[in-house]
Amino acid sequence: MKKTTVLVIEDDKWLAEQYVRVLSRAGFETKVAYHAISAIQFIDKKLPDAIILDILLTGSTAFTLLHELQSYADTGAIPIVLCTSLAGDLPSNTLGYYGVKKILDKTTMRPDDLISSVRSVL
Amino acid sequence: MGVVNGDYERLLDEPFEDGLLSLVAAAHELKSPLALIRQLSLMLDEGEISFDEYKRIVKQITLTSERALRLTSDLTKSVRLNDALFELEPINPNQLCSDIVCELRPLFAAHNCSLRLVAKKQPALLVANRDLLRRIVMNFSDNALHYADDNNLVELKICSLNSGNVIRLGVRDHGPALPADVFRKLRAKLSSAPTPIHARPQSSGLGLYISGQFADIMNGKIGVVRHRDGATFYVDLQASSQLSLL
């Protein structure tokens, strides 16, 4: 049976490693991109089933990436879980237009929240 | 797209002279390491991890705490700059940078990166406050580590400029290049020193602002050079005339 692939886009390498640790244990296949450019390169090769996305990325913000993903039908359909320490500052009502299905607050979330969020958006 | 309201967007464009902005920037900078430490601690608490994983997580918690503590210590120091006297003395930049390389080696190794000193055998002495200069170079190194790609090298470079009157200590990373607009913004800020300069997009640039303050009080200045594959953040300080007496 094909495993669900989750692309983790997070520029803090140890936090990305932690997400991978948690998701892998839950049976997901995980890939990591530390910045938007490498994320696009990965998505061009293979569409992930879901994306975990940090807001403040090296090189460009996540919003540039969200715009890019929404420009194409196939990438625009990938469900996105925002994982950010700016959760309180984000207008969740408008982010839905950018494929964002869930917002997790890095400062309050628990490891299991990552798994349940990914499962809920698939 | 103006979806982030309020403070963060202002942080990228405004100087930190406003006390409230500094406070918000400090809070923002500390959120990331604290969030990471919390996630890792929760992971340990859940158990069911191998001994090797346990050791790695504990090491990451320790090193992340140390990084966060360095920032808080720099913040405290920067707030008290005007009330304190800082002794300037001739310093061997080679020795200082060697010490920093030794100190940061475990942190870089844990990130699969390495830190190397590139210097002449006998660089000129420079005039600085040892503690403040150390904080600047540590700060640049932390910044470089964040942007360095896996298995990459970060270099501490020492060179002399202006016929040997100025000594430059630079930290060269090989991460993603600074976007042109960010670089232009940095250069514009630098040309109107002592206003603060900012780091790359996701950073509030507080660490660099503090480094700028430290350099300023030593009659030095900080700056940035953009490369195709990264950047060099540097501090320029006066060379010491004591060398001619040796």
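**Reading a sheet and its helices in chain B**

Tutor: Let's start with the sheet: in chain B, 5 strands make an open sheet in the order β2-β4-β5-β7-β6, with mixed pairing. Keep in mind that this is a predicted model.

Student: Which strands stand at the edges of the sheet?

Tutor: Those are β2 (114-118) and β6 (221-227) of chain B; each has a single partner strand, so one side of each is left without a neighbour in the sheet. From one strand to the next, the twist averages 20°.

Student: In what sense do β6(B) and β7 of chain B pair?

Tutor: The general idea is that strands of a sheet pair through backbone hydrogen bonds, either parallel or antiparallel. Here, β6(B) and β7 (residues 230-238) of chain B go antiparallel, over 7 bridges. Pick out Val225(B), and you'll find its bridge partner in β7(B) is Thr232(B).

Student: Which strands does α4(B) touch?

Tutor: α4(B) packs on the sheet and touches β2, β4 (153-161) and β5 (166-173) of chain B. The direction of α4(B) makes about 170° with that of β2(B).

Student: And how do I read two helices packed together?

Tutor: You describe them by the angle between their axes and the distance between the axes. Take α4 (residues 93-110) and α5 (residues 130-147) of chain B: their axes come within 11 Å and cross at roughly 40°. The crossing is right-handed.

Student: Which residues of α4(B) and α5(B) meet?

Tutor: Among them are Leu96(B), Ile100(B) and Leu104(B) in α4(B), and Leu133(B), Val137(B) and Leu145(B) in α5(B). The residues of this contact divide into 10 nonpolar, 1 polar and 2 charged.

Key:
Residues are numbered from 1 along each chain as its sequence is written. Chains are lettered from A and ligands numbered from 1 in the order in which they are written. This is a predicted model: local features need pLDDT of at least 70, side-chain atom pairs count only at pLDDT 80 or more; totals for chains, interfaces and linings use all residues. Axes are lines fitted to C-alpha atoms, for helices over the stretch in contact, and angles run from 0 to 180 degrees between N-to-C directions. Helices (H or I, at least four residues) and strands (E, at least two) are DSSP runs, numbered from the N terminus. A crossing is left-handed if the near helix is turned anticlockwise from the far one by less than a right angle, and right-handed if clockwise. Two residues are in contact if their C-beta atoms, placed from the backbone, lie within 7 Å. Ala, Val, Leu, Ile, Met, Phe, Trp, Tyr, Cys and Pro count as nonpolar, Asp, Glu, Lys and Arg as charged, and the others, Gly among them, as polar. Two strands pair if DSSP finds at least two bridges between them.
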